Structure formats: structure tokens, C-alpha cells
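Q: I would like to go through this structure with you. Could you take my questions one at a time?

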Amino acid sequence: MLKDRYGNPASTKSQTALAHYDNALDLIRVYRGDPVAALDAALAEDPDFGGAWAARAGLLVTATDKAYAEETTKSLRAGAASNLNDREAKHLKAAQDWAEGRYNDGTARWARIAQENPRDALAVQYAHVGCFFLGLQSDLRDVPLQALRAFKRGEDGYSYIQGMAAFGLEECGDFARADIYGRQAVEADPRDGWAVHAVAHVNEMRGDLETGIPWLADNAQHWAPDSGFAYHNYWHLALLHLDRGDIAQVLKMFDENVRPNPDAQIVLEWIDASALLWRLHLEGVDVGDRFEKLAACWQRAGEDAFYAFNDLHAIMAFLGAGRATDAERALKAMRAAAKDAGDNAYMTRKIGLPLAEAFVAFEAGRYGECVDKIAATRGVAQRFGGSHAQRDILTLTALHAALRGGMASTAEAFAAERLAHKPQSPWAGRLSRQARELSAKRAA
Ligand SMILES: [Fe+2]
């Protein structure tokens, strides 16, 4: 019986197919190259290699883009008709759960595979990514921490799981340990953009620009080439420049690194682009036609109502581009999705929809409504996924709404919170000053 690079039994008898599959496992763990093409190469050698079909389906569903639905169905059908061992069959079932909107069930299934087969680093990673999309912060940390027991330090696989643990630790607030784990993982493989990213999050949460900017800028030659994830690490770097108030550098990075091809059809890239432009919009920066170009891309997914976190970011682009009708259409689709079955209905009903309404209210100048809706949702917003750094856009929007709406005490409260978390952050200092000035003006 053949085994994959981590020692898990594989349902193929072809050494060549397995070599392509092992290559795909490497590309997946470092988010590089084209892992779907590597899996297709494995399947060209052995079309009945069920594990490769299951891995393919898992990759496609965790892209959170309805555009991949057809390819997902193809993978699930072919996988079900091929050779599958018990572990691979469970992988396929997890991907099917996701494809049918049972995101929690699918993620839990991958996590259970990882518990039973801790050397299945792919199951660890898919569970980790699922936890990220669902905001399951302790599982995001604990699934990789559990699996580390099966690997020796220095062994193939160890550092990537350590990198995942680093991100989970960071999202759970254990910045010191996250920093150590992340740095050790990057030392083991400087290509590991996910581990680089975990340390970037630590720096972001601390508002530590002095460490954060060189950490990303000086290592980029290792993590960026051929990375399917580079735009996101560059987004983090742009955030730090924004913190410093260097708007020219932020716009340059948007054009060259976050959104180098304005027509690129990658939803996760659109999210970062929306999130960066909206922050600039809050700061009163003229972003030219960037919102318009982005909104033109979001249009094809604006009414998918596939995942509430994405929908909110589509609405940001529509609002920023002045496309009120598109924003309204997306809201309508979210209202319909909120009544559906499946996990996205809950995420939409409880989090995505009230937040989308808050952002629409902001743009319409209904600042009180915006603050009320964000304040009522922010505490549970992790349940629609994303990271603390991404969801910071909620607090920023509420704070700017309070500033614009003359709500001095509310603005001071949000600004004080920010400064307490990030005492070194120039941005936190600027917002705090603005809130104090508003207060003084109101008192006068
Ligand atoms: Fe991130």
C-alpha cells in the first residue's frame, strides 16, 4: 500500500500519481503555485485516486466562491465513484458538507479526521481554514495543537502545523506564543506565507509598526513569489503603512501588490481590496476609480449570498463606488439568504445583514443607526468568520460614524479602546485626538 508524504495510506497504486499528489500537498500547505493543476496531474495518472478527488473538492469549497460550484460537484461525483479508503471517504464527505452549506459539519468532520489521523496535515489544514471562515477561534488554535503530537520537530510537516497553531494562538490572544511558533515555522521554511502571516497578525494586534513593517517587507522575497496568498500579506503591510498615515504608500501597494490585476477573479483578493479601500474611504481619502473597478468585479458575486462575510465586502465596494442599486440588490439577496437553511443563513441573519445595513446607513449619513447596529453585532461578529484584524473594520466604521455624527462620548469610547489595545499605534493616537477634539468642541 502506498502512503502520502506524511505516511497516510493512499488509494492509488500509481507511484507517479502519488508523486503529483505529494507535490499538491506541498503547494497547499504553503499556498503556492497551482495545487488544483497538481491534483489534476495525479488524476490524469490515476482517475480512480479518490484521495486526490477529495483534496480537490476540499480546495474548491474552501475558496468560498460560488463560481467553483460546478468543479466541486464534478470532484465530489468522481470521488464517490472512485477508490476511497475510510479516511479519504471522510474527506470527501466533509467537502460535500461544505458544498451543501453545512460549513460547521464539514469543518467538524475534518477536525475529527485530524484527531483520528494526526499525521493527516491536509485534514488539519482544511479544518483550520474552516474554523477561520466560521470564527471558531479556539478550534482554530487547538486542531493544529492536537496534531503537533504526531510530528517530531524538523520532520516534514511539523513547521506548517506549527504555523497554523501560531495563527490560532494569535486569534485567541496568546501573542507571545504565537510569535514564537510563527517565527520558528518561518525559519523552517521561509516560503510559508501562512506562518509569516501569523506573525504579521501579532504585530498588527499590538500596533507594532517598527517590528511589523520590516517583518513583511524584508521577507517578501521568500513568501511572495508564486504565492496564492501574497495579496493578503501585502494587505497586512499596507495596513501598517496606513497606520503610519502614509497614504501614498498604501495606494501604491494597493495597485502593485494587493490588486495588481484589477480584473483578477479571486474573491478572497476582492475582500482585501474592499477592506483596504473602505478604510481609506473612512479616512476621507480620494481613491480615484479603484472602488468602481472593484465593484465591477463584485457584481458577478454580489447576489450569490454564499457567505455573509463576502457579501458585506461586496456591499462596501458597491457603496464606495456609489452603486446604490447594486448595494440594495445585494442586501435583498442577503435578506432572502437569512431565511434559508444552512450555516450561512445564521451568519447572515445574526451578523452579516445587520452589519450590511449599518454600512449602508453610514453611507447615507444615518450615523446613529450605523453605530447602534455595529455596537449590537460586534461582540458576536467572529461567528461570520475572518480575523480580528479584518473585523477591525467594524469598529473603525462605528468610530468614524460617531465622529461624523457628533457622538463625542461614543467616539471617545471606541478611540480609548483602540489606544488601550495599541498604545504604540499612530493611527490609534490620531483617532483618539479627533475624538477629544470633538468632545472639546461639543463642550464649548
Ligand atoms: Fe490576515
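Q: Which residues does Trp298 touch, leaving out those up to four places away in sequence?
A: In this predicted model, Trp298 contacts Val267, Trp270, Ile271, Ser274, Asn310, His313, Ala314, Ala317 and Phe318.

Q: And which residues have the most contacts inside the largest nonpolar core?
A: They are Tyr21, Trp298 and Phe359, in a core of 153 residues. Helix α7 (residues 121-134) gives the most to this core, contributing 11 residues.

Q: Turning to the metal, which residues coordinate the iron ion?
A: His197, His201, His232 and His236 do so, each through NE2, at 2.0 to 2.2 Å. Their spacing in sequence is H-x3-H-x30-H-x3-H. His197 belongs to helix α11 (residues 193-206) and His236 to helix α14 (residues 230-244), 39 residues apart.

Q: Are His197 and His236 buried or exposed?
A: Both His197 and His236 are buried.

Q: Why is the arrangement around the iron ion irregular?
A: The arrangement is irregular because the four donor atoms subtend angles of 83 to 175°.

Q: Now salt bridges: how many are there?
A: The count comes to 36. One of them joins the side chains of Asp40 and Arg56 at 2.8 Å, N to O. Arg56 also forms a salt bridge with Glu71, with the closest N and O atoms 2.7 Å apart. Glu71 is in helix α4 (residues 69-80) and Arg56 in helix α3, so this pair ties together parts 15 residues apart in sequence.

Q: Is Arg56 buried or exposed?
A: Arg56 counts as buried because its relative accessible area is 4%, whereas Asp40 is partly exposed at 31%.

How values were computed
Residues are numbered from 1 along each chain as its sequence is written. This is a predicted model: local features need pLDDT of at least 70, side-chain atom pairs count only at pLDDT 80 or more; totals for chains, interfaces and linings use all residues. Side-chain values use heavy atoms; hydrogens and water are left out. Donors are N, O and S atoms within 2.8 Å of the metal (3.2 Å for Na, K and Ca); water is not among the atoms, so sites may look incomplete. Four donors count as tetrahedral if all angles lie between 85 and 135 degrees; four count as square planar and six as octahedral if opposite donors are over 155 degrees apart and all others between 65 and 115; anything else is irregular. Helices (H or I, at least four residues) and strands (E, at least two) are DSSP runs, numbered from the N terminus. Buried means under 20% relative accessible area, exposed over 50%, partly exposed in between (1.4 Å probe, protein chains only). A nonpolar core is a set of buried Ala, Val, Leu, Ile, Met, Phe, Trp, Tyr and Cys residues joined through side-chain atoms within 4.5 Å. Contact means heavy atoms within 4.5 Å. A salt bridge is a side-chain nitrogen of Lys or Arg within 4 Å of a carboxyl oxygen of Asp or Glu.
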